[in-house]
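Here's a quick briefing to read with the model open next to you. Take a look at the structure, then we'll go through it topic by topic.

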Amino acid sequence: MKFPQDFIFGAAASAYQIEGAWNMDGKGESIWDRFAHTSGKIRHGDTGDTACDFYHRYKDDIALMKELGLHAYRFSISWPRVLPEGRGAINPKGLDFYKRLVDELLEAGINPCVNLYHWDLPQALQDQGGWLNRDCAAWFAEFTSIIADHLGDRVFDWMTLNEPLMAAALGYALGIHAPGYRKPWSMFRVIHHLMLGHGLAVNRIRSENPDAKVGIALDLRPIHPLSNSEKDKLAAEKADIFMRRTFLDPIFQGRYPETFTTRNRLFRPRIKDGDMEIIAAPLDFVGVNTYTVDRVRYSPWAIGMGFETQMDPAAEEEYTRNGVQYTTMGWEVYPQVLYEILMYLKHEYGNPAVFVTENGAAFSDKVVESRVHDEKRTHYLQTHLAGVKKALEEGSNCKGYFAWTLVDNFEWAEGYSKRFGLVYVDHKTQQRTIKDSGLWYKKLIASQK
Ligand code: GCO
């Protein structure tokens, strides 16, 4: 499978999911530390206290990245590791960790792609309202300036936010992610403050480093009506507006979709003059995190939404239903997912530069004689990358693909029960084992030369 010569192959991860050292060397508490330490929130009572101990083992993991032949690595910065109180005093040991990490990546010939926010807000800022507080956008901009100032001489590829929809929906409406609020009426205000923070951060990065390439990582999935009924088709249109256009329209068109602003008073965000111009700061690329297809149906119970997504619960083992493969997350394996979403961006938003910033699958892996024969994951990668290739042949402006994820890590509310890695981790011993899918990915990358 041949890709364009300058096509980037990488892997992605996030601070809370891999670093561990949750309270070491001056790091402040994050909302994910607090949430994971709250009983009943995470499967099996798992926490990110140690995770994959990447804070101490980053050199070994970078050696694994080099062995796989990765061109780039997408990672996030733990805000409270650098600013323990979220603002004010910098923790020098925290900043130094990221400088060492970036230098080690560069030394290995791997391009560091920094994602500034992957959900681990400093608890001290949550105590002041978190993203419900409009000031959080400015606090994020301050944090961004500090990181861009200290890393901007060697990092040229930046993302501001990871999945603002998930941060708002799971963290503030459904309560299954940190900070664990069940305040659906607040979700649109949180989305607006996150997007405002995104726009402010873009401007801060550019003022520190005019040559920087800046983007955002959005969770964008193909959306199909569950049936051909008019109600389900209308539901799919509503889902498109809420889950995709609410983020893409302000970025590319400088305005929210009509329904976002006309919702009743309870839901409507407070948008001030100038906000939309800030959010529409031009980007160099859009990052797409996507794994499966959203199959939606009409629902009178989804207050203010009018649709619901049919999604299975997470499972102990992967399974098939009616000949269709499902992962241990309960997600349908739908190989056209990347093709469809890349063509959606081409047709609906002027074919912007796109990176697939997350794509992968959780299957129940086992180590047998120091090997992990994860055929299903290899097949997932093969078929999904074939979709990227098809989109490229039809004119998509996709520039690269980051597998989610390098090593099996903390999968949020699922803890360590779900394995997405190209590399198996025994979380008791921290022993790493490259899976067959990682060896396949290595071969694919090597074959591009
Ligand atoms: C997300 C996050 C990742 C997840 C991955 C698998 O998309 O939810 O960016 O942190 O771990 O997507 O669920």
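This is a predicted model: local features need pLDDT of at least 70, side-chain atom pairs count only at pLDDT 80 or more; totals for chains, interfaces and linings use all residues.

Numbering runs from 1 along each chain as its sequence is written, and side-chain values use heavy atoms, with hydrogens and water left out.

- Glu19 sits in the loop between helix H1 (15–18) and helix H2 (31–36); helices (H or I, at least four residues) and strands (E, at least two) are DSSP runs, numbered from the N terminus.
- Glu19 counts as buried because its relative accessibility is 3%, and buried means under 20% relative accessible area, exposed over 50%, partly exposed in between (1.4 Å probe, protein chains only).

**The ligand site**
- There are 13 residues around the ligand, and the ones that come nearest are Gln17, Glu163, Tyr291, Glu358 and Glu411; a residue is near if one of its heavy atoms lies within 4 Å of the molecule.
- That shell splits into six nonpolar, four polar and three charged residues. Here Ala, Val, Leu, Ile, Met, Phe, Trp, Tyr, Cys and Pro count as nonpolar, Asp, Glu, Lys and Arg as charged, and the others, Gly among them, as polar.
- A polar side-chain atom of Glu411 is 2.6 Å from an oxygen atom of the ligand.
- For Gln17, an N or O atom of the side chain lies 2.7 Å from a ligand oxygen.
- Tyr291 has a side-chain N or O atom 2.8 Å from an oxygen atom of the ligand.
- On its own the ligand has 320 Å² of accessible area, and the protein covers 94% of that (Shrake-Rupley method, 1.4 Å probe; for residues, only the protein chains shown count as cover).

**The chain as a whole**
- The chain has 15 helices and 15 strands.
- Its radius of gyration is 20 Å, close to the 22 Å that the globule rule gives for 449 residues, so the chain is as compact as a globular protein of that length. The radius is taken over C-alpha atoms, and the rule is 2.2 Å times the number of residues to the power 0.38.
- Of the 449 residues, 61% are buried.
- Looking at contacts between residues at least 6 apart in sequence, 76% join residues at least 24 apart.

**Trp440**
- Trp440 belongs to helix H15 (residues 436–446) and is buried, at 17% relative accessible area.
- Its C-alpha atom is 9.2 Å from that of Leu68, though Trp440 and Leu68 are 372 residues apart along the chain.
- Not counting residues up to four places away in sequence, Trp440 touches Met1, Thr378, Leu381, Gln382 and Leu385.

- The Ala178 to Pro179 peptide bond is cis, with omega near 10°, and Pro179 is in the loop between helix H8 (164–173) and helix H9 (187–208).
- The bond from Trp404 to Thr405 is cis too, with omega near 15°; Thr405 is in the loop between strand E13 (398–404) and strand E14 (423–426).
- Trp412, in the loop between E13 and E14, has a positive phi of about 50° although it is not a glycine, and is buried at 5% relative accessible area.
- Asn322 has phi near 50° and is exposed, with a relative accessible area of 75%.

Conventions. A polar contact is a pair of N or O atoms within 3.5 Å; within protein, one must be able to donate a hydrogen and the other to accept it, and residues adjacent in sequence count only if both atoms are side-chain atoms. Contact means heavy atoms within 4.5 Å.
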